[in-house]
Structures are given as C-alpha cells and as structure tokens.
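User: Please take a close look at a single part of this structure for me. I'd like to know what surrounds it, and then how the rest is put together around it, with any cut-offs spelled out.

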Amino acid sequence: MNRELYASLVFELSAPGRKGYFLPDSGIPADGALDGIPSGLLREKDPQLPECDELTVVRHYNNMSTNNFGVDTGFYPLGSCTMKYNPKINEEIASHPAFSGLHPYTPACASQGALEAYWHLQKALCEIGGMAEFTLNPFAGAHGELTGLMVIRRYHESRGDTGRRKVIVPDSAHGTNPASAAVAGLEIVEVKSRPDGTVDVDDLRPLLDESVAAVMMTNPNTLGIFEKNIPEIARLVHEAGALMYYDGANLNPMLGVARPGDMGFDVMHINLHKTFSTPHGGGGPGSGPVGVRKGLEQFLPSPRVVSRQVNRDDIPVGEHERYALEYGPESLGSVSATLGNFAVQLRALSYILTLGAEGLMEAGPLATLNANYVKEKLKADYLLPIEGVCKHEFVFDGLRDKSTGVTTLNVAKRLLDHGYHAPTIYFPLLFHESLMIEPTETESRETLDKFVEVMRSIAREARETPEVVINAPLNPPVTHPDDTEAALHPILTYDELLNGKV
Amino acid sequence: MVYYSKTHEYIRMENETEGFVGISAFAAKQLGNVVYVDLPEEGDEFSQAEDFGAIESVKAASDLYAPVDMEVTEVNEALADNPRLINDDPMANYLMKVTVTDSSQLEELMDEAAYADFCAASH
C-alpha cells in the first residue's frame, strides 16, 4: 500500500459535484420545504460533506482498514481487557437473517426465537455468576455498573433506608467504578490495598456504617490477585447493611471455577465483550448484563424477558406466547431502548454453547497458566512488585533496571514496532510504571514464547541502546502523535483543521 | 519555607499565614504532561486532607488534597489555558494562593529533605 497516496482524509479526496450514485428526481418540490421551521433551528451554512466517486471511497476505507490492529491481526495482551479470540461461528450465528433481519420492535408473539435466545443467555449467566436473575439490557460494562448501582439504590430506598449515599471502592479499582458511582449520584470513598495487592480489611472496617450503600470489588482484582478475604469482607459489608457489587471485568479466570454469588456478592455485571468473546476494542459494541441475587430481581430494569407456561389469568399459553416481556412495578425502569445489543448477546450465547460447560471450565485455568508462564519468563528483566501466583493477568512496575531512563511508555511503543498491541500501561495507579499483561487462554505457547523473546530483546535494548527504545515506534503508519496537544486542543472536524479551533 | 504532604502537594509559605499550594516536582514528573486542572474558587475553604480539585495528565487523573486547613484567596488562572506550565516549573506555577487557618498543621508536613527521602522510598 502506498501510505502517502492513501493517507488523505476523505474530505481531501472530495471534488465539488462528484458523486457515486444517480437517483431519479424525487418529484417533490424543494421550495417551501423549510417553511414553518424556526430560523434558530436552521443551519447557517451547508454541512461540509465529502463528494467522492464510489471507487475512491472504497479504496479510502479499504486502505484505512489495513492500518487497523485487532485480535485477528496479532497478539493483543491488553491487561484488564481480556482480548481473547472471537470465534467466527459467533459471527455466523449473529448474522443469520432470522436474527439480523428482525426489527427491534417486533411484538413478542412474532419474535419468540429471539426472546428464547435472550432467555437462555440470561439463564446461562445466572449459572455462571451464581445469581438468581440477569438482565441483558445494558449496552456496556460501565452501563452495567450504573444499572447495578441503580438497583442497589432502589433496594435501600425500598426499605426506607435513604441515608446510604457512599460507595466504597478499592484504590486498585477500574476507573469506571468511581465514575459509575458518581453518575448514580453516590459519593465515593477509597479503601487502601495491602502490600500484597489485596484489599486491606482493617482499612475497610472503620469505613463501614449506615451511610454506605455498597462496596464495589473486582475479583481477581486489577493486579490479577485473588481477593482471599472476600468471605470476611462480604460478612462485614452485609452486617453494616450495605451490598456487595462485583465488577465482572476479570471474570475470565473464574469461569466455572468460582462464582461471585457464592462469594457473597449481591449484584454483578459481566462484560460479554471480554469474557464471552464478542468484538471489543474499537470493534464493539459491548454489552454489560447485570445479575442480582434472590430478593433483588424485582428492581432490575424493564423490560425483562420471562418464560412462562400460563398467562396472568392462569390460562396455559401457546407456543407463540412462551417468552414474554415483563414490566414490573418495582423495576427501576428502562436503561436502554429495546433489549440491549442483541447481536452481541447472540455471539456470547454462541460462545457458551460451543464450548459447553466443560470447555468453559478450561478457559480460566488456561488463561491463568498463560499469564503465569509469561510472568515467570519475564520477571528477570521486568520488575514484579507482587510475587506469587497470579490469575489471568499481572502487573510489572516497568523494567527492573531503572538506570536506563527507558520508561514503560517507551517499552509499550517499542512493542508496536514488533507488531504487537501494547499492554495496558500506567494502570493500576498503585505503581509508577505499571505494565499490565493479560495473554488470555486463546494464545498458543508459540505465540507466548515469541512475545517473551521480544520483551526480553526490548529489555536488552534498554540497557545497550536505550535511544532506540526511547525513540520508538518507527514502523506504525502513525509514529509520534502529540498526545498532550491532542488532549488539550482536540481537532474533531475538518472545518477545525482548515480554519483552526473556534 | 516549603512543606510537603504525603499526597505530593506542597505549600510554600510566603509569611506566617499565607502560602502557595501546588504539586511537587516529583508528582509532576510521575504524572507526565498535564492536560487539565480542576481547581476550586476563591473563597472556598478546605480542611486538611480534603480533596480540593483534580489534575489530569496523559497518564492518569488524580485528586488533589489540602495539605492543611486553608482558604483559597487566589487561583492561578494561567493554568486553565496552559496546564503544561506545571510540568515546566511546578514550584513557580502554583495552583492557588491560600490563607492557612491552622498553621500548627504545618509541623505535621515534611520539609524538603524528608520529602526527598519519602519519594526515594516510594520508588
């Protein structure tokens, strides 16, 4: 591909009057079309749209797509994101015309198959999470967190317990936890981690009182460490009248091995786009189902998909009425138009049914084995702040040799030169040079060995020719974007590019 | 005299009661290029360890904590347009000017040498 020729914006390829289609005259006179619309709502100038022929557009987007990086192109060890391979059978199922051709507002009597698929996924997630009920409606992980916290608020309010405004999150938590709590109108209180990376129970205990609505935890946590004190934490939290929220971002190593419901969690979300192999990372959309233990299901968002043998009047229902939409009086209401990202749900169901219970139970141990394999192979060159067996991911605190001046950011950018996606960097905030690696269970030993070799070669370069690492990357289509300037003065439209930011 | 908190804010005292609050050079270096600072308004009061704002860099977002009980008398407006000034010189480019309401709390903070040891130990 000729990068210079194809690096243009589609706007730069535009020529006035050029088009890729020919439509007959609509026959509707344009005169008077704008009559009656208040002038304040009308554009002052025409929108700046590119005018191109079809071939130019096809080449433009095809060439751009070859600059993309995904799990289908290469190894993507992005910690905390579970970038596992998305089996192609998922796509086949989701794109089946019986599903893809279905209008979102098709009445229940004419969409029994789709509702059945939705219901089966709900049940499968209940079994996997140890929960009583699930809703699949939230569109993403953070949306699930918000929904879960709304369920928790509703639970406390239903008991007349209206003074609970605080949500406790560990200092290792995903940034979405405090963000979701803030959006839910709750206050955030941070609890510290101990040197071994787990939540400090002694730090947590004095924080628990009648003002606390919930404690949000991730297990294994963002350091890839299993929170061994979870039964005690759950007991303390429940004694204080608060609920336990499980952030499902790290559910992968637990699949079929341990269940949040059994650990004492009351509400949880699952990222289908992480654990259940649906597209992710710019390839979305995501899906963030929320599960609750018995006694909270009435607060879940509407509509809920229920399976029934009889209708409200106790009359047996026919085949076309087996699955129905339910709008409960205590429900927190709607969090999404329709039933969430249905095509994503189908991919997750396909994954679960393809692997079956036995297959799913192998995923976690394999993900754990792969993470520990890479960790042990690299810890001579990279600083491992917390020793011991990790779960599906682990965190280095940068290079072991700090004298070279090479930072985690440099290492991450150098990996791009070798055709790898960079790991998660500078998260969690517990260390200054965090480098978080999650290989997932879908990578072969050969892939991991090659990655280890490259990581070691970067550590060697850092010692011998640090400038090579510091000046990386050299190979990607875009090498050194000014991320500070981009954050300070983002140029978001072609107009801003031409005329400067207003 | 400059005092430092464990959460990496400094307070540089101009006289007995007035001082400038900012983030330490160590914190600025760890954060990397600062892209946004969320600061309080003139007249706002904070007690020690209370969060008074936030700072965001290309790497991370962090809360800012009051080193002592204080009242804000002036906010460094230049940072709104150019937060990177903090990376250039965090001591000169303070976040805000404050009146210290309990100067005995200054004794609980670290001096330059103690803070240098604290930073060395945290890495």
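Analyst: The buried residues of helix H13 (residues 408-417) of chain A are covered by elements that include strand S11 (424-425), strand S12 (434-437), helix H14 (445-464) and helix H15 (466-470) of chain A. This is a predicted model, in which local features need pLDDT of at least 70 and side-chain atom pairs count only at pLDDT 80 or more, while totals for chains, interfaces and linings use all residues. Residues are numbered from 1 along each chain as its sequence is written, with chains lettered from A and ligands numbered from 1 in the order in which they are written.

H13(A) is mostly covered, with eight of its 10 residues buried. A residue is called buried if 20 or more other C-beta atoms lie within 10 Å of its own, exposed if 12 or fewer do, and partly exposed in between, with C-beta atoms placed from the backbone. Helices (H or I, at least four residues) and strands (E, at least two) are DSSP runs, numbered from the N terminus. The buried set in H13(A) runs A:Thr408, A:Leu409, A:Asn410, A:Val411, A:Ala412, A:Lys413, A:Arg414 and A:Leu415. Just after the helix, A:Gly419 has a positive phi of about 85°.

To place that helix, look at the domains of chain A. An automatic or database domain assignment sets the bounds, and it gives domain 1 (88-351) and domain 2 (357-486). Their C-alpha centres lie 31 Å apart. Across the boundary, 18 residues of domain 1 of chain A are in contact with 17 residues of domain 2 of chain A; contact here means C-beta atoms, placed from the backbone, within 7 Å. The domain 1 side of that boundary has eight nonpolar, eight polar and two charged residues. In this scheme Ala, Val, Leu, Ile, Met, Phe, Trp, Tyr, Cys and Pro count as nonpolar, Asp, Glu, Lys and Arg as charged, and the others, Gly among them, as polar.

Now for some strands of chain A. All five residues of S2(A), residues 166-170, are buried, so this strand is largely enclosed by the rest of the structure. A:Lys166, A:Ile168 and A:Pro170 point one way from S2(A), and A:Val167 and A:Val169 point the other way. S2(A) pairs in the parallel sense with S3(A), residues 187-191, over five bridges, where strands pair if DSSP finds at least two bridges between them. One of the partners here is A:Glu187 in S3(A), bridged to A:Lys166. Right-handed means that, with the strands pointing away from the viewer, the path from the first strand over the helix to the second runs clockwise.

S2(A) also pairs in the parallel sense with S4(A), residues 212-218, over three bridges, and A:Ala214 in S4(A) is the bridge partner of A:Val167. S4(A) is mostly covered too, with seven of its seven residues buried. It continues the parallel pairing with S5(A), residues 243-248, over five bridges, and A:Met217 stands opposite A:Tyr246 there. S4(A), helix H9 (residues 230-239) of chain A and S5(A) form a right-handed β-α-β unit.

Chain B joins the picture as well: eight of its residues are in contact with seven residues of chain A. By class, the chain B side has three nonpolar, three polar and two charged residues. Chain B itself has four helices and nine strands, running β-β-β-α-β-β-β-β-β-α-α-β-α from the N terminus. Its radius of gyration, taken over C-alpha atoms, is 13 Å, close to the 14 Å of the globule rule (2.2 Å times the number of residues to the power 0.38) for 123 residues, so chain B is as compact as a globular protein of that length. Along the principal axes, its C-alpha atoms fill a box of roughly 35 × 35 × 20 Å. Buried residues make up 37% of the chain.

As a last stop in chain B, B:Glu45 sits in strand S5 (residues 45-46) of chain B and is partly exposed, with 15 other C-beta atoms within 10 Å. From B:Glu45 to B:Ala116 is 71 residues in sequence and 29 Å in space, C-alpha to C-alpha.

Notes:
Contact = placed C-beta atoms within 7 Å.
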